[in-house]
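Please look at the sequence and the model below before reading on. My points follow in numbered order.

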Amino acid sequence: DAVEGRDVSLSSSFRGSVGHWPSAIGYNIGASIMIWLLALCLFVPGLIWAVYYSFLLQAVLLAPRSQGNPLDYSKNLVSGRWWSIFGYCCLQWGGILIISFTQGVLTTFTVFNTATPSAIPETILGTITDFLTKFFTVMMTVLFLNLHFMRQREMQDILDAMTMSSHEVSH
């Protein structure tokens with residue numbers, strides 16, 4: 001509704017999203033299995049398809065059903081922009097990996113040092129990890145919406161050009 005310019009309340013957003021949960025979970029499980037199988041064969045194919053499916057959740061939740069299969073729609077949005085989307089994914093994965101690694105190292109050292117309570121660094125780094133995860137989810141959603149509207153504009157331009165050329169042929 002918000003994408004189409006209508007006001008959206010929190011309760012209507014929640015009601016609207018609940019119906020998408022089963023398909024979002026199903027598509028994510030299916031894509032994860034496929035990516036892991038590709039990664040087991042070779043790392044590169046798994047990485048390529050992980051980037052292609054980086055908008056899967058957004059495609060399930062936000063793209064109109066007329067766009068077709070969310071897996072194909074996510075891949076379609078990434079096609080032609082793979083390297084730039086890969087850069088965003090590296091930023092996302094790298095940020096979370098660094099914080100998680102730091103959290104693991106600090107937890108390991110503070111567990112064996114009884115003078116330092118481990119709950120303080122764990123809580124701080126856990127909060128940072130939560131913030132980064134939410135930030136990157138919003139970032140990817142905004143990027144998805146931008147690509148989605150750009151794709152719609154491209155399709156409208158193609159339709160307009162076809163309409164104009166058919167009018168020229170008929171006259």
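**Notes on the model**

1. Gln58 is buried, because its relative accessible area is 8%; buried means under 20% relative accessible area, exposed over 50%, and partly exposed in between (1.4 Å probe, protein chains only). Gln58 sits in helix α4. Its side chain makes a polar contact of 3.1 Å with the side chain of Thr141. A polar contact is a pair of N or O atoms within 3.5 Å; within protein, one must be able to donate a hydrogen and the other to accept it, and residues adjacent in sequence count only if both atoms are side-chain atoms. Leaving aside residues up to four places away in sequence, Gln58 touches Ala63, Thr137, Met140, Thr141 and Phe144, where contact means heavy atoms within 4.5 Å.

2. On the basis of these notes: this is a predicted model, in which local features need pLDDT of at least 70 and side-chain atom pairs count only at pLDDT 80 or more, while totals for chains, interfaces and linings use all residues. Residues are numbered from 1 along each chain as its sequence is written, and side-chain values use heavy atoms, with hydrogens and water left out.

3. The overall make-up is 7 helices and 0 strands, which read along the sequence as α-α-α-α-α-α-α. Helices (H or I, at least four residues) and strands (E, at least two) are DSSP runs, numbered from the N terminus. The protein has 171 residues, of which 26% count as buried. Among contacts with a separation of 6 or more, 67% are between residues 24 or more positions apart. The protein exposes about 11400 Å², and carbon and sulfur atoms supply 70% of that area; accessible areas come from the Shrake-Rupley method with a 1.4 Å probe, and for residues only the protein chains shown count as cover.

4. Which residues form the nonpolar patch on the surface? They are Phe14, Val18, Trp21, Ile25, Ile29, Ile33, Leu37, Leu40, Leu57, Leu61 and Leu62, with about 1000 Å² of accessible area together. Patches are made of residues with over 30% relative accessible area and no salt bridge; like charges are joined within 9 Å, and nonpolar side chains (Val, Leu, Ile, Met, Phe, Trp, Tyr) within 5 Å. Helices α1 (10-18), α2 (21-41) and α4 (56-62) each supply at least two residues of the patch, and the largest share, 6 residues, comes from α2. Leu40 lies in α2 and counts as exposed, at 68% relative accessibility.

5. Helix α5 covers residues 70-78, and its buried residues are Pro70, Leu71, Tyr73, Ser74, Leu77 and Val78. They lie on the same side of α5, because they cover an arc of only 165 degrees around the axis; the arc is that of the directions from the helix axis to the C-beta atoms. At the start of α5, a side-chain oxygen of Asn69 comes to within 2.8 Å of the backbone nitrogen of Leu71. Gly80 follows α5 and has a positive phi, near 85 degrees.

6. The count of salt bridges is 2, a salt bridge being a side-chain nitrogen of Lys or Arg within 4 Å of a carboxyl oxygen of Asp or Glu. One of them joins the side chains of Arg81 and Glu154 (3.6 Å, N to O). Arg81 is in the loop between α5 and α6 and Glu154 in helix α7 (residues 119-170), so this pair ties together parts that are 73 residues apart in sequence. The side chains of Arg151 and Glu154 also meet in a salt bridge (3.7 Å, N to O). Arg151 and Glu154 are 3 residues apart in helix α7, which means a separation of about one helical turn. Salt bridges that share partners join Arg81, Arg151 and Glu154 into one network.

7. Glu154 counts as partly exposed, at 34%.

8. Gln92 is in α6 and counts as buried, at 18% relative accessibility. Not counting residues up to four places away in sequence, Gln92 touches Phe136 and Met140. Ile99, also found in α6, counts as buried at 15%. With the same exclusion of residues up to four places away, Ile99 touches Leu125, Ile128, Thr129 and Leu132. Ile99 and Leu132 are 33 residues apart in sequence and 9.0 Å apart in space, C-alpha to C-alpha.
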